[in-house]
Amino acid sequence: MTLDRRSFIRTAGLAAAGAPLLGGSLFAQSAEPSGSDFYELPELPYGYADLEPVIDAQTMEIHHSRHHQGYINGLKAAEEALAAARASEDYGLIQHWSRKLSFHFGGHVLHTLFWQTMAPPDSSGTGGPSGELATAIDRDFGSFDAFRGQFSAAARTVEGSGWALLHYRPQDNRLVVAQAEKQHDLAMWGATPILGIDVWEHAYYLRYQNRRADYVDAWWQVVNWNRVAELYQSARG
Ligand code: MN
């Protein structure tokens, strides 16, 4: 969260100091079931203030350190409750904990994606997609502007709290834009999200209040297309 970190990133061309190198994966490849770093709050690859003026530092700090941590805590609590249910063979709350599992898992995965696919305005990668990703966007949406129009409209109109997402859909090898409500409703089975914007009010309200559309318009300045391209290539296998 300091100039030191930023200069390290520029010099070394790496993700944040101390953070695992992820390649095309959202999470470290060494992740193992239970107790692994999957349950650690991932470090941001930039400082809380570095997305200014698009996203303010206080929003970033609260969103990352409290909201995202809360989803990780909720995921762990749900998994512990389900383990206890198995041990006691008491499944009276199975519906409740299954819903919590899906909600908090979605929160952890989507926020991890959200942080990784942003970068400071005017930094490397924020100029728009290139290469095979740009070609695929043109192929599947007609043009980048058409893609952006659909994605922005999806983001503006998510009912309540949720996300707009760009998925790679392996069933027919194409990109699709979808909405998610909360963190998990409207899931696209088998599809892999490679870009997402959080449109819960906690993501923008301090700076934009009820002007969600202004937040969505400004957010395009901080999309890290280099990272989106890595996730796209990884999703294609
Ligand atoms: Mn959020």
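Mentor: "Buried" means under 20% relative accessible area, "exposed" means over 50%, and "partly exposed" lies in between, with a 1.4 Å probe and protein chains only. The model here is predicted: local features need pLDDT of at least 70, side-chain atom pairs count only at pLDDT 80 or more, and totals for chains, interfaces and linings use all residues. Residues are numbered from 1 along each chain as its sequence is written, and side-chain values use heavy atoms, leaving out hydrogens and water.

Trainee: Are Phe 147 and Trp 220 buried or exposed?

Mentor: Both Phe 147 and Trp 220 are buried. For Phe 147 the relative accessibility is 0%, and Phe 151 is buried with 0% as well.

Trainee: Where do Phe 147 and Phe 151 lie?

Mentor: Helices (H or I, at least four residues) and strands (E, at least two) are DSSP runs, numbered from the N terminus. Phe 147 and Phe 151 both sit in helix 5, four residues apart, which is about one turn of the helix. Helix 5 spans residues 144-157 and also holds Ser 152. Ser 152 counts as buried because its relative accessibility is 5%. Leaving aside residues up to four places away in sequence, Ser 152 touches Val 216 and Trp 220, where a contact means heavy atoms within 4.5 Å.

Trainee: How many aromatic pairs are there?

Mentor: A pair of aromatic rings is described by the distance of the centres and the angle of the planes. Rings of Phe, Tyr and Trp (its six-membered ring) pair if their centres lie within 6.5 Å; planes under 30 degrees apart are stacked, over 60 edge-to-face, and the rest tilted. By this rule the count is 22 aromatic pairs. In one of them, the ring centres of Phe 147 and Phe 151 are 5.7 Å apart and the planes meet at 55°, so the pair is tilted. Phe 147 also pairs edge-to-face with Trp 220, at 5.8 Å centre to centre and 85° between the planes. Phe 147 lies in helix 5 and Trp 220 in the loop between helix 7 (212-219) and helix 8 (225-236), so this pair ties together parts that are 73 residues apart in sequence. One aromatic cluster is formed by Phe 141, Phe 144, Phe 147, Phe 151, Trp 219, Trp 220 and Trp 225.

Trainee: Which residues touch the most other members of the largest nonpolar core?

Mentor: A nonpolar core is a set of buried Ala, Val, Leu, Ile, Met, Phe, Trp, Tyr and Cys residues joined through side-chain atoms within 4.5 Å. The largest one has 57 residues, and Phe 147, Phe 151, Leu 175, Ile 197, Tyr 215 and Trp 219 touch the most other members. Helix 3 (residues 94-116) gives this core its largest share, six residues. Among the contacts of Tyr 215, beyond four places in sequence, are Ile 55, Phe 114, Ile 197 and Asp 198.

Trainee: Which protein donors does the manganese ion have?

Mentor: Donors are N, O and S atoms within 2.8 Å of the metal (3.2 Å for Na, K and Ca); water is not among the atoms, so sites may look incomplete. Here His 63 (NE2), His 111 (NE2), Asp 198 (OD) and His 202 (NE2) lie 2.0 to 2.2 Å from the manganese ion. Along the chain these donors follow the spacing H-x47-H-x86-D-x3-H. Asp 198 is buried, with a relative accessible area of 0%.
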